[in-house]
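This report covers salt bridges and pockets in one protein model. The sequence and structure come first.

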Amino acid sequence: MGFEAVPTDDSLVDPLPVEPLALVARWFAEARERSGQQNPDAMTIATVDDDGSPQARVVLCRGFDAEAGVFTFYTNRQSAKGRELAGQPRATAVFYWDSLSRQLRVSGAIGLAADEVSDAYFAGRPRASQIAAWASQQSAPVASRDALLHALDETAARFGGLEGETPVPRPPHWGGYCLHAERVECWVGSRGRAHDRARWQREPDGTSWSVERLQP
């Protein structure tokens, strides 16, 4: 008995697409519709610190521009990842949808989202999250859990409370990042490690792509 084929609707069929972004958009839609995962937009962002050590953490992808190939996420720009991205503005993002047996890897340059984009996203966040963005010195040590909660309560009071109506503006140190896809790798699991795997690399002209199938 030979190796079981990957299901037709999931396989990276030959010939491979000349560009990956339409496939990525389809995978995102199917992850939201079919994966059953609580956070199908969760992605691991890997950066490099000043010592050259890789660092990684999970954030939420809050936007994907399929035409430009840009993935957007938001965070405190004074956090550890914010400082790392300021020093080395490149990153890799990894999505894994276990129930679909799919993995997506994206690498490229990082830029800051426009202020108006960050403002619009922040305005739509829950009020408690807006207040926490002001109160938390993300990645910095804190004396205790009680000290953190006290800082949150003090900040909430400054903005009229958790149930207040005073708008909470976006902190100047908080905003969006845009990962500009230069390399995209798609992986589909299969029986006996006969996984389906392909990688696209953006060409120097910035518009066309090269593509190759990879061994698992």
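Is D196 buried or exposed? With a relative accessible area of 10%, D196 is buried (buried means under 20% relative accessible area, exposed over 50%, partly exposed in between, with a 1.4 Å probe and protein chains only).

The model is predicted: local features need pLDDT of at least 70, side-chain atom pairs count only at pLDDT 80 or more, and totals for chains, interfaces and linings use all residues. Residues are numbered from 1 along each chain as its sequence is written, and side-chain values use heavy atoms, with hydrogens and water left out.

**Salt bridges**

There are 13 salt bridges in the structure (a side-chain nitrogen of Lys or Arg within 4 Å of a carboxyl oxygen of Asp or Glu). Three of these pairs are tabulated here.

| Pair | N to O distance |
|---|---|
| E182 and R90 | 2.6 Å |
| R213 and D196 | 2.4 Å |
| R199 and E212 | 2.6 Å |

E182 forms a salt bridge with R90. E182 lies in strand β7 (residues 174-188) and R90 in strand β5 (residues 90-97), so this pair ties together parts 92 residues apart in sequence. Helices (H or I, at least four residues) and strands (E, at least two) are DSSP runs, numbered from the N terminus. E182 is partly exposed at 27% relative accessibility, and R90 is partly exposed at 39%.

D196 has R213 as its salt-bridge partner. The two are 17 residues apart, with R213 in strand β9 (residues 209-213) and D196 in strand β8 (residues 196-202). R213 is partly exposed, at 34%.

R199 pairs with E212. Because R199 lies in β8 and E212 in β9, the pair ties together parts that are 13 residues apart in sequence. R199 is partly exposed at 25%, as is E212 at 38%.

A network of salt bridges links R26, E30, R34 and R102.

**Pockets**

A pocket is an open set of points on a 1 Å grid over the protein atoms alone, where a 1.4 Å probe fits, with protein on both sides within 12 Å along at least five of seven lines; lining residues have an atom within 4 Å of a point.

The largest pocket has a volume of about 290 Å³. It is lined by 17 residues, of which Y74, T75, R125, Q138 and W174 are the closest to its centre. Strand β4 gives the most to this lining, with four residues. The lining comprises nine nonpolar, five polar and three charged residues.

The second largest pocket holds about 180 Å³ of space. Helix α5 (residues 145-158) gives the most to its lining, with three residues. Seven residues of that lining are nonpolar, four polar and none charged.

Methods: Points joined across faces, edges and corners; volume = space filled by probe spheres on them. Nonpolar A, V, L, I, M, F, W, Y, C, P; charged D, E, K, R; others polar.
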